[in-house]
Amino acid sequence: MATVAFTLNGRPVDTEYETGEHLLGVLRERLGITTVKDGCAPQGVCGCCTILLDGRPALACLLDPSTVAGRDVVTLEGLPDRQRQLLAECFVQSGAVQCGFCTPGIAVRAAHLLERGLTGNRSRVTSALAGHLCRCTGYRRIVDAIQLAGAGGPDANGESGCGVGGSSPRYRGREQVLGEKPFVADLNVDGMLHGALVLAEHPRARVLSIDSSTAEAAVGVARVLTAGDIPGDRHHGLIVHDWPLLVAEGETTRCIGDVLAVVVADSQHRARAAATLVEVAYEVLEPVTDPEAALGPNAPAIHDDGNLLEVCTFRRGDVAVALASSAHTVEAEFRTQRIEHAFLEPEAALALPVAGGGIKVYSQGQGVHDDQRQIAAILGVEADRVEVELVSNGGAFGGKEDLSVQGHAALAAWRLSQPVRVVLTREQSLRIHPKRHPLTLRYRAGCDSDGRLTAVEARIVGDTGAYASVGTKVLERAAGHSCGPYRVPNVDVEARTVYTNNPPCGAMRGFGANQAAFAIEGVLDMLAAEVGLDGYDVRNRNVLDPGDRFATGQLMDSSCGIRRTLEAVREQYRSARIAGIACGIKNTGIGNGLEDTGRVLIEVNEHGRLEILTGFTEMGQGLHTILRQVVHEETGLDPELMDVRTVSDPRVECGMTTASRATALCTAAGRKAAVRLAEALHDQQLIALVGSTFHGEHICDFTTPPGAEVADPVTHMAFGYATQVVVLRDDGTIDKVVAAHDVGRAINPQLCAGQIEGAVHMGLGYALSEDFPCTGGVPDSLRLRDLGILKAADTPPVEVILVEVPDGFGGYGSKGVGEIGLVPTAAAVAGALFAHDGIRRTTLPMTDAAAARASVPRSRRAPTAPRQH
Ligand code: FES
Ligand code: FES
């Protein structure tokens, strides 16, 4: 144990630390400074741990504690209060905060720029953000916020409106900017122990033995848990229970994210250090890594039922006849890559034993009720003995749907009868949670002499990796969206979901629709070239109108707004010298025969405040903010009287926050609850209603399963629509993106536009630079730097056009917007690149393009040969 003395936020400190601890760990775990966040320690990439060291920005995760001896360390807590409040105000007013995990680090950077008077020049501010990642916002509003602070702050008379349709400031946004709203890893309770996971070293290997004796003898270690310690079901899964919480001796691993043991110790550092001492003996086996080879007769079965998880089909009309009589036909194969969510907050959970023999878990997952159900099964108890409360997470994008560490934390707390917190390192996070599916999409399509689509045949294969997760649903969604927002009279689609020993794939923003959009939009551009039409006209002739049928056979109703979004970008597309255009459609709600439910409960508590409860997750999209807007809209009550929480109370069971459905369902349910409250308030004061509760429920149970033999299938309760235009400069780099989106009703236009901007940013990375390649089932890199996420300086301006064609299923008419922002983006980029250099690209990412040069990681910068058609 060593010691170091330095000045922290103006006060002298003298603290111990152990060999291998970095300054970030010392600040967070020993000194209780949690405004410095750990997004990637010790990689030094995300910027979340930015501090001021002797007045200059530095990354705490890269610093050995000894290097700050005698020096001056300032964190967000130590900035002058006037500056802190100014930054908080400017970030919130600018809409620069979403999940908020990156924000405190950026605020420290901003403070430094303010001190130096360097906020006036926009490109200088943008360059200064080179050391920061934000996965949510697309950066523009962050730059706006910093410049606004430099200009003295927002206009005091600014009015944003706090009802439906107003850009109400983000709920608890100021706390987020100042790092005062805790994430799970910031929570500390008395007697808390720390868990660290031991992961498999090989994607496919028989585990011969697990020897934890050395780890158990290490300083501070309380216990090492293995598979035999699980009292209930050892396997979990959202749909298929195929994922072991802990792999047992004698079993075969399926990916390098498999967990073999949990080491519990009195500090995070000691738990992680001891985890390296667990000795595992393996018999290494050849992994199965190619999904098509995995379907071969001699491929080893990764799961007992074989490697083919599911086949999904949609068929209408006669494709063979239609193609034979089409004026033009094209045939093409598209390949999309595996990518990583890269939410900036790694997975974490805190579990505490509670009186009466139950357990409470603080989770950052996307479904508190699914967490509750699965944890209860692992512990072998009834669900009512497990309470799960959401701690709003630092980004998710679908990657926090599956159980990650909640089960391990709960198991450890259960076995040791003490609170246990488990926090993943960035490397572990990359190994464990499911990614976006890499798909191969083989298309044949035809059109008539006017360019009207006659038929689409698609054969899709998806690598779902080691575990099912929601892979079958992703492939169902890819199949359902295989014809995009277009009228296609003859459809023959088949999608196969295949197990391999690659990292698991599951939900990620867009959920199969992105991959399908890249393919169908490329096909449409190829047919347009055959006919002699431009990108606008071919889409204008084919987009769905009310009364047309979606690929699955669903009749589109009057809420179908795709044509409105297309028309909204017409002039921008036509006036650009080099541009690409693409349309997108994305389901709102899970549908496909499953019930979509929203529930909200409003309680008037003893302080005369409203407690608004829901089961849907706040993960930066602003759900909690818009719930307050809804209640204000219907009751007129001040939003400052309202608190919002996400809890596993059965009265607010909503299921997973997925499929772009939370806003639509939650506002519909929230409206019903709020109307009941308004009726009760009719002639009395709120304080008279203390103890009363008001419930709202909205259920959509009318959808049909995929392939159902019915005349009018209804696959989804609603859809969102978009058309995007990507404009290039003469050198082939991106000048701007125009994104017109039919959102039904923008409950909060600022948050809504912010969602789209962030999604387009992610979509540009998907198009040009992002990848998560694996060799032999092992990721080529576990460094955040190598994922290809666009930095601020690489992100072009995004001009959002909100179109409102209300949906009639209930609530205020809003459709989902969380995912569709990046559905058409890669295809629009591909179209623009073709307009620039005449190369038709059908493989993502398009790293060879001039537009990608700056943002592709150095390790992957060698030109790749594009496929040409
Ligand atoms: S935690 Fe230090 S840069 Fe990411
Ligand atoms: S707001 Fe920047 S990472 Fe979420």
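The notes below go from the whole chain down to single residues.

**Overall form.** First a reminder to myself: this is a predicted model. I looked up the secondary structure and found 22 helices and 31 strands. Next I asked how the radius of gyration of the protein sits against that of a compact globule. For 869 residues the globule rule gives a value near 29 Å, and the protein has 26 Å, so the two agree. The C-alpha trace spans about 80 × 70 × 55 Å along the principal axes. I also checked burial, and 65% of the 869 residues count as buried. Among contacts with a separation of 6 or more, 79% are between residues 24 or more positions apart.

**Helix α1.** I listed the buried ones as Leu23, Leu24, Gly25, Val26, Leu27 and Arg28. Their cover includes three strands, namely β1 (2–8), β2 (11–17) and β3 (50–53). Just after the helix I noted glycine 32, which has a positive phi of about 70°.

**Helices α2 and α3.** Then I turned to a helix pair. Two packed helices are described by the angle between their axes and the distance between those axes. For α2 (residues 81–94) and α3 (residues 103–116), I found that the axes come within 10 Å and cross at roughly 115°. The crossing is right-handed. On the α2 side, the residues in contact are Gln83, Leu86, Leu87 and Phe91. They meet Thr103, Ile106, Ala107, Ala110, Ala111, Leu114 and Glu115 of α3. Sorted by class, this contact has 8 nonpolar, 2 polar and 1 charged residues.

**Cysteines.** How many disulfides does the structure hold? I counted 0. To see why, I went to two of the cysteines. The closest cysteine sulfur to that of cysteine 560 belongs to cysteine 583 and is 11 Å away, too far for a bond. Cysteine 560 is buried, at a relative accessible area of 8%. Cysteine 666 has 0% relative accessibility, so it counts as buried.

**Threonine 635.** I found this residue in helix α19 (residues 623–635). Is threonine 635 buried or exposed? Its relative accessibility is 18%, and the cut-off for buried is under 20%, so threonine 635 counts as buried. Leaving out residues up to four places away in sequence, threonine 635 touches Ala674, Leu677, Ala678 and Leu681. I also took the C-alpha distance to glutamate 679, which comes to 8.6 Å across 44 residues of sequence.

**Alanine 826.** My last stop was in helix α22 (residues 825–837), where alanine 826 lies. Alanine 826 has 4% relative accessibility, so I put it down as buried. Which residues is it in contact with, leaving aside neighbours within four places in sequence? I noted Phe518, Gly763, Tyr766, Ala767, Leu844 and Met846. Finally I looked at aspartate 144, which is 682 residues from alanine 826 along the chain; their C-alpha atoms are separated by 26 Å.

Note on methods: Residues are numbered from 1 along each chain as its sequence is written. Chains are lettered from A and ligands numbered from 1 in the order in which they are written. This is a predicted model: local features need pLDDT of at least 70, side-chain atom pairs count only at pLDDT 80 or more; totals for chains, interfaces and linings use all residues. Side-chain values use heavy atoms; hydrogens and water are left out. Axes are lines fitted to C-alpha atoms, for helices over the stretch in contact, and angles run from 0 to 180 degrees between N-to-C directions. Helices (H or I, at least four residues) and strands (E, at least two) are DSSP runs, numbered from the N terminus. A crossing is left-handed if the near helix is turned anticlockwise from the far one by less than a right angle, and right-handed if clockwise. Contact means heavy atoms within 4.5 Å. Ala, Val, Leu, Ile, Met, Phe, Trp, Tyr, Cys and Pro count as nonpolar, Asp, Glu, Lys and Arg as charged, and the others, Gly among them, as polar. A disulfide is a pair of cysteine sulfur atoms within 2.5 Å. Buried means under 20% relative accessible area, exposed over 50%, partly exposed in between (1.4 Å probe, protein chains only). The radius of gyration is taken over C-alpha atoms; the globule rule is 2.2 Å times the number of residues to the power 0.38.
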